[in-house]
There are 2 protein chains.
Amino acid sequence: MPAAPSETARRAVLTSSANPLIKSVRRAVRRGGLTDAGLVVLESPHLLDEAVAAKIPVEMTLVSERSKHLEDAVRSKLPLRVLSEKLFAEVASTESTQGVLALVRLDPAPLDAILARPGPVVALDAVQDPGNAGTIVRSAEAFGAAGVVFLKGCASPFNPKTMRASAGSLLRLPFAANIPPRLLLDSGDRTLLAADASGGPLPEANLKNIVLAIGSEAHGVGPVLRQAAQAVSVPTRHVESLNAAAAATVILYEAARRTEVR
Amino acid sequence: MPAAPSETARRAVLTSSANPLIKSVRRAVRRGGLTDAGLVVLESPHLLDEAVAAKIPVEMTLVSERSKHLEDAVRSKLPLRVLSEKLFAEVASTESTQGVLALVRLDPAPLDAILARPGPVVALDAVQDPGNAGTIVRSAEAFGAAGVVFLKGCASPFNPKTMRASAGSLLRLPFAANIPPRLLLDSGDRTLLAADASGGPLPEANLKNIVLAIGSEAHGVGPVLRQAAQAVSVPTRHVESLNAAAAATVILYEAARRTEVR
């Protein structure tokens, strides 16, 4: 077992944008995906704390020399590279990082394992905006969902923006990634619902034991699931007047509310 | 009355980024505010259509020479400048404009007029993210709110990103801007509620005739309203587990649902 690096070594400031790790992290942030080593980039000390609390392996922390979290990072047991302020700014995509990035290994769950858990299953079908995708995962966890299925063509769960919008929920709630929609056509005894502004009214929908498909912001649920699903709509004053994440949140809230009432 | 410009004149392509109008629009988009002439920038043909449908005065349309909407724009009666593809890309903040920007004059409503209308009033108290602010306005319109009050320090209703997230709702639903929070302390017979993860449970809250304050993503509702308001929380599995717009949406849905049921 190698000796732990000295505090002096931990404080050494990296300045080169040619460093392979830095190049890989920057690419992951720009492209909205994983690093070359298959790690997820978490942007903020809050997400890092959530990862540690969820016992997710933290493979590296990258901290700006100017971050107010630097001393905590140096004292922690986590692997650390300190970056010059300029280099950190080249890597991070947002000002809300507070000078902290973490690289974690996060494995998706098998689809069957999610379908077997209690609670609604949420399927994201071509949801394009990572902010919406992450917000839906956050609401799914809040309302006791079994897990979230990211179907092929949807925003990536590994996009740092999806992670940020999930506010840590992706670190706790099981999710499946890159699943072909047809695999949801036989979901055992679960009822397949599709959120759709032209669907039947939510108050009349059966929300027990469901797979809830949420479609793209512009085109709704795709053809494979649409023809097999019961369409459900949130009653509103205007057709198509809810954001995709807002519609998903309301349906999941309503499912949880009825469970409490029963 | 001057003669209408010829079709040839309407098709003339602007290429100079030094053009004062272009500079002003670019600044408005970058800063997230109004143009020098006090106009709101709408980014997308969809928002332009919504403005026309809502009878909002369209003072200018800026269309990329490569936009598939160019021929429609040339044939329309709206004021038009065609921009080179390069110049248009310098001005627009998003790829989802489809090559169309519109400048409209949009007046906020007086606070009293909003408070006098039927339905819940939504007050945005330091909500920082324009995407969240716009999504809340969209949900507010969907669930029959009287209007939305943008308090001082909140994301601007005139930020093109707020407009985009509202999906046109800001063009129809009355909103007040830059209002000091203390002006909501005496809202006639309305009950002041504050969405707060540590508040009383939503099922027990009285949602008739309310002003619903939504706070910042990080710190919640500010001190002025917090001490005067009844705090209400959406029941979830985890404390603070909902996005600000998701929490607002659920409370407004619940208020509308109870009105329907009654």
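# Notebook: a predicted two-chain model

**Entry 1, strands in chain A.** I began with strand E3 (residues 58–64) of chain A, which runs parallel to E4(A) and is joined to it by 4 bridges. I note here that the model is a predicted one. Within this pairing I looked up Ser64(A) and found its bridge partner in E4(A) to be Leu83(A). I then turned to strand E1 (residues 13–14) of chain A, which is joined by 2 bridges to strand E4 (residues 80–83) of chain A. E1 and E4 of chain A also run parallel. Leu14(A) stands opposite Leu83(A), and Leu83(A) is the residue that I had already found as partner of Ser64(A).

I counted the elements of chain A and have 10 helices and 11 strands. Its radius of gyration is 20 Å, close to the 18 Å that the globule rule gives for 262 residues, so chain A is as compact as a globular protein of that length. The C-alpha trace of chain A spans about 65 × 35 × 30 Å along its principal axes. Of the 262 residues in chain A, 50% count as buried. I also looked at contacts in chain A between residues at least 6 apart in sequence, and 76% of them join residues at least 24 apart.

The domain assignment divides chain A into domain 1 (7–104) and domain 2 (111–261). Taken over C-alpha atoms, the centres of domain 1 and domain 2 of chain A are separated by 31 Å. To their contact, domain 1 of chain A gives 15 residues and domain 2 of chain A gives 11 residues. On the side of domain 1, I found that strand E2 (40–43) and helix H3 (45–53) of chain A are the elements that give two or more residues. E2(A) gives the most to that side, with 4 residues. By type, the residues on the domain 1 side are 9 nonpolar, 4 polar and 2 charged.

The largest nonpolar core has 176 residues. Those with the most contacts inside it come from chains A and B, among them Val122(A), Ala213(A) and Ala213(B). I picked Ala213(A) and left aside its neighbours within four places in sequence. Its contacts include Ala123(A), Asp125(A), Leu192(A), Val221(A) and Ala229(A).

I listed the contact between the two chains, which takes 19 residues from chain B and 20 residues from chain A. On the chain B side, the elements that give two or more residues are helix H7 (130–142) and helix H10 (244–261). H7(B) gives the most, with 6 residues. The chain B side divides into 7 nonpolar, 9 polar and 3 charged residues.

Last I looked up Arg26(B), which lies in helix H2 (residues 20–31) of chain B. Not counting residues up to four places away in sequence, Arg26(B) touches Glu90(B) and Val91(B). I also checked Ala89(B), 63 residues from Arg26(B) along the chain, and the C-alpha atoms of the two are separated by 10 Å.

Conventions: Residues numbered from 1 in each chain as written. Chains lettered and ligands numbered in written order. Predicted model: local features only at pLDDT ≥ 70, side-chain atom pairs only at ≥ 80, totals over all residues. Contact = placed C-beta atoms within 7 Å. Rg over C-alpha atoms; globule rule 2.2 N^0.38 Å. Buried ≥ 20, exposed ≤ 12 C-beta atoms within 10 Å, placed from the backbone. Nonpolar A, V, L, I, M, F, W, Y, C, P; charged D, E, K, R; others polar. Domains from an automatic or database assignment. Core = buried A, V, L, I, M, F, W, Y, C linked by C-beta atoms within 7 Å. Pairing = 2+ DSSP bridges.
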